[in-house]
Amino acid sequence: MCDDLYRRWGLRRLLNASGTLTINTASPVPPALRQVADWALARSFVLAELHERAGPVIARATGAESGCITACSAAGITLAVAACMAGADEARVRQLPDTGGMKNEIVLMTGHFVSYGQEVTQAVRLAGGTVVAAGTPARSLRPVSGASCNASHLESVITEQTAAGLFVASWHSQQDGLLDLPTFAAICHGRGVPVVVDAAAEADLHRFHRDGADLVIQSGHKFLAAPTSGVVSGRADLIRAVLAHQAAGIGRAMKVGKEGILGALAALERWQTQDTAAVRQTLLDRLAIAEQAFAGRPGVTTRVGADPTGNPWPDLEVHFDQAATGVDARALAAALYAGDPAVAVRAMPTAGNYLFIDPRALNDDEMAEMCAIILRRVETMGASDTAAGRAVAG
């Protein structure tokens, strides 16, 4: 049936080694969670009751006071900002994105001005908030780099109009030269300002609350492998406000379905009982398939790397000696993505001449197939480069 749907809708098959990026449809949903979503889709519920039942489940999983499910983590950011500006007051809920009479400034460190397809600043502006930068500017790079923010930078931009501090925990954001979350949170709390953490792809459900966050947004369809959803956890009063904005405010246009709620709750329960060490070993074994495929290839070397923000999954760097192979990693990544089947790998513009391979969205057979496709493309690019050189020489 799946193959028929590929043909029916004219879709290319995708071998996703880019991780859990939304543009590549995030994580495959495992059978147990698909069964939960399927069960929910065939039945009716009182939606308010379903949201009410979600709170304690999320609280147990995260150590927070409460929680709720949103349409996605991007929606969660906008709703969290709305909650910090307007609370659950019915009139203010309906007033947004007009913030007249409300605190509406959201403080964001300059190294956290990231894009995940949408600029994080736009997620704030959708709620009616105004972003206020703390720190010196970053260079225009992905991932962000070159910015700095110290305590005095942050303290200087917090005013009577500050509704929240927003902290972005992501490989997209700058990893040094900025305040860590405990310091950021302590300064904000010292001025009576709540802290919202965008931790969409971060797998630790407890750390951000321990470090001082009042609201934490994590993706359901990334590391949790649930149906499309966002998980918001934090202070009970702010969670009530998030739900109010989702039910009758600006979040009405980004409401989550019953299958998303129940699927995310099932994924949270599954995550808590998962053997992380065993999962990591499975991923390392899968990367070994790629290491073996590239072994002995002239000008090609591999290195197993660690996730830059401390998540428990490894990745593989595949380095190309451009002089020996004729391969530019960014051009190779673009050519692979344009192929059929498409292959999604990362080649960062600020990194060296190598590809990142993330094994989480592949099975063993797909990993082997993908490596064969990459090697064929490498041979083609190398042959083209050699022919071009001969033509110039001639």
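Modeller: T25 is exposed, with a relative accessible area of 64%, where exposed means over 50% relative accessible area, buried under 20%, and partly exposed in between, using a 1.4 Å probe and protein chains only. This is a predicted model, in which local features need pLDDT of at least 70 and side-chain atom pairs count only at pLDDT 80 or more, whereas totals for chains, interfaces and linings use all residues. Residues are numbered from 1 along each chain as its sequence is written, and side-chain values use heavy atoms, with hydrogens and water left out.

T25 sits in the loop between strand 1 (14-16) and helix 2 (31-41); helices (H or I, at least four residues) and strands (E, at least two) are DSSP runs, numbered from the N terminus. Its C-alpha lies 19 Å from that of E119, a residue 94 places away in sequence. A26 belongs to the loop between strand 1 and helix 2 as well, but A26 counts as buried, at 4% relative accessibility. The phi of A26 is near 55°, a positive value in a residue other than glycine. A225, in the loop between strand 7 and strand 8 (230-234), also has a positive phi, near 60°, and is buried with a relative accessible area of 10%. Most residues other than glycine have a negative phi, and most peptide bonds are trans. Against that background, two cis peptide bonds deserve mention: the one from L96 to P97, with omega near 15°, and the one from D340 to P341, with omega near 5°. P97 is placed in the loop between helix 5 (90-95) and strand 3, while P341 is in the loop between helix 14 (329-338) and strand 11 (342-344).

In soluble globular proteins, nonpolar side chains tend to be buried together.

Leaving out residues up to four places away in sequence, L166 touches I106, V107, L108, M109, V120, V124, F184, V196 and D198, contact meaning heavy atoms within 4.5 Å.

Strands 3 and 5 run parallel and are joined by four bridges, pairing being assigned if DSSP finds at least two bridges between two strands; E105 has T162 of strand 5 as its bridge partner. Strand 5 also pairs in the parallel sense with strand 6 (residues 195-198), over four bridges, and here G165 stands opposite V195.

Strand 5, helix 8 (residues 181-190) and strand 6 form a right-handed β-α-β unit; right-handed means that, with the strands pointing away from the viewer, the path from the first strand over the helix to the second runs clockwise. In helix 8 the buried residues are L181, F184, A185, I187 and C188. Viewed down the helix axis, these fall within an arc of 165°, so they line one face of helix 8, the arc being that of the directions from the helix axis to the C-beta atoms. A186 and G190 are exposed on the other side of helix 8. The cover over its buried residues includes strand 3, helix 7 (151-157), strand 5, strand 6 and helix 9 (207-210). Just after helix 8, G192 adopts a positive phi of about 75°.
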